[in-house]
Amino acid sequence: MSETIEKSQTERINEKHQKHIFNAVFNYYETPLPLQRGRGVHLYDFDGREYLDFFAGIVTVNVGHCHPKVTAAIQDQAATLAHTSTLYPTAPIVELAEKLAEITPGDLNRTFFTTSGTEANETAVLLAQLATGSQTIVALRHSYSGRSSVARSLSGQAPWKMQPNQIASIVHAPAPYCYRCPFKLTYPECGVACAEDLEELIVTSTPGVVAGFLAETILGAGGFIVPPQEYFPIAVDIIRRHGGLFIADEVQTGFGRTGGAWFGIEHTGVEPDIITMAKGIANGAPLGATITRDDLADRFNPGLSISTFGGSPLASAASYASISVIEEEGLLDNAAQVGTHLSQRLNELKERFQVIGDVRGMGLMQAIELVKNRETKEPAPDVAVQLMEETKARSLLVGKGGLYGNVLRIGPPLNITTDQIDQGVDALIASFEALE
Ligand SMILES: Cc1ncc(COP(=O)(O)O)c(C=O)c1O
């Protein structure tokens with residue numbers, strides 16, 4: 001009998017990944033899950049098994065996998081003009097820039113396109129520094145801003161830093177993390193002390209003037225931490241009094257993710273000076289964008305700055321199509337309605353399972369924080385790992401995050417239905433039961 005056993009495609013991919021990709025590029029699950037194709041809210045492995053996707057490629061595939069309109073736009077553009085660099089204006093880049101000016105709040109009108117959220121944040125920081133003449137940036141603890149030197153210095157989580165901050169002029173404010181309040185206070189009696197603390201931070205840890213405040217409107221990788229309603233009005237007022245600009249990092253929260261609005265910051269009434277975007281902007285095509293007002297954009301001159309692939313015709317066409325689908329299919333409203341239902345269902349789970357310490361989120365960006373003990377709130381990352389395996393076994397894909405690795409993150413495509421949410425929540429319930 002032959003000793004040779006034919007390897008499956010799944011095994012071949014996993015072996016090659018282990019052999020040729022940096023170990024730092026980690027995969028979910030004890031046995032990683034190569035995926036072959038996707039359609040709508042579903043992904044399929046190489047054995048044809050269907051998974052309900054509750055994480056959408058890290059809250060990126062906002063209109064569902066391989067949406068026919070986005071696919072057609074990419075195909076048409078690829079057959080027409082794939083690349084010119086920004087040395088030549090193209091129709092897709094200007095159409096998209098005009099669209100972004102239309103859907104962003106306030107007077108934001110001019111965009112610098114790149115290929116990732118990291119670069120979008122780099123651009124925003126440089127712009128704030130050039131525009132104000134100050135170098136100092138205030139960032140948030142528990143934040144994640146990307147993987148460049150500036151972005152790792154901005155990020156407020158040790159595991160993502162890898163090295164000491166290389167940018168000395170960044171200071172970190174306490175996170176508006178009510179469940180683990182840095183001041184051990186309770187909202188609303190706290191008076192939003194985390195926002196008020198920015199004053200103290202600036203006058204004690206900076207030269208007293210700052211270039212800007214870069215903050216996610218919901219802290220994504222930090223575990224979908226939702227700041228209290230008053231947080232941004234108070235914090236941004238303090239920043240502006242010290243000469244700084246407000247940069248809203250909407251890389252995770254943009255394009256309808258929070259429900260009922262294009263951008264998370266719109267729920268607060270605060271108008272940012274700069275917004276950074278990526279992920280959901282183009283449903284998976286690599287695109288980053290930094291949008292600002294005309295007067296500020298002008299401060300980026302003189303000087304040369306280019307992104308060869310930034311706003312490529314392909315990515316821009318994908319983005320325009322994806323935004324059009326969000327409009328045509330009413331996905332801002334769907335995210336709000338279905339998100340409310342999801343939140344209610346997750347709060348029911350919290351009643352049932354003691355290991356759930358907190359349920360939080362907005363729209364289709366909802367998190368479950370797992371703890372060993374509800375009193376001490378000791379994080380339970382081991383339970384998160386087990387739940388990842390249990391949900392996968394039930395054909396449900398969820399995300400994980402938080403500084404302590406103890407937060408399940410749920411962020412499906414925005415066109416998911418209530419029935420599909422229920423199906424996923426039932427799989428979650430069965431997974432929690434399996435652990436009991
Ligand atoms: C809020 C936020 N900002 C920036 C980034 C960096 O984006 P990218 O991975 O596209 O460089 C991320 C990525 O997860 C993010 O979540």
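Modeller: Ala, Val, Leu, Ile, Met, Phe, Trp, Tyr, Cys and Pro count here as nonpolar, Asp, Glu, Lys and Arg as charged, and the others, Gly among them, as polar. This is a predicted model, in which local features need pLDDT of at least 70 and side-chain atom pairs pLDDT 80 or more, while totals for chains, interfaces and linings use all residues. Residues are numbered from 1 along each chain as its sequence is written, and side-chain values use heavy atoms, without hydrogens or water.

Biologist: How do the residues lining the second largest pocket divide by that scheme?

Modeller: The lining holds 12 nonpolar, 10 polar and one charged. A pocket is an open set of points on a 1 Å grid over the protein atoms alone, with protein on both sides within 12 Å along at least five of seven lines, and lining residues have an atom within 4 Å of a point. The space in the second largest pocket is about 650 Å³, and R110, T111, F112, F113 and A297 are the closest to its centre among its 23 lining residues.

Biologist: Which element gives the most to this lining?

Modeller: Strand 4 does, with four residues. Helix 4 (91-103), strand 4 (110-114), helix 5 (117-132) and strand 10 (288-292) each supply at least two. These elements are DSSP runs numbered from the N terminus (helices: H or I, at least four residues; strands: E, at least two). The chain has 13 helices and 15 strands.

Biologist: What is the volume of the largest cavity, and which residues line it?

Modeller: Its volume is about 50 Å³; a cavity is a set of points where a 1.4 Å probe fits but cannot get out. The count comes to one cavity of 30 Å³ or more. Among the residues lining the largest cavity are T84, Y88, I93, T308 and P313. That lining divides into three nonpolar, eight polar and no charged.

Biologist: Why is H42 called buried?

Modeller: The relative accessible area of H42 is 14%, and buried means under 20% (1.4 Å probe, protein chains only); H42 is therefore buried. H42 lies in strand 2 (residues 42-45). Leaving out residues up to four places away in sequence, H42 touches E50, Y51, L52, H65 and Q420, where contact means heavy atoms within 4.5 Å. Of the 436 residues in the chain, 55% are buried.

Biologist: How do you know that the radius of gyration agrees with a compact globule?

Modeller: The globule rule is 2.2 Å times the number of residues to the power 0.38, with the radius taken over C-alpha atoms. For 436 residues a compact globule would be near 22 Å, and the chain has 22 Å, so the two agree. The C-alpha atoms fill a box of roughly 75 × 60 × 45 Å along the principal axes.

How values were computed:
Points joined across faces, edges and corners; volume = space filled by probe spheres on them. Buried < 20%, exposed > 50% of the residue type's maximum accessible area, 1.4 Å probe, protein only.
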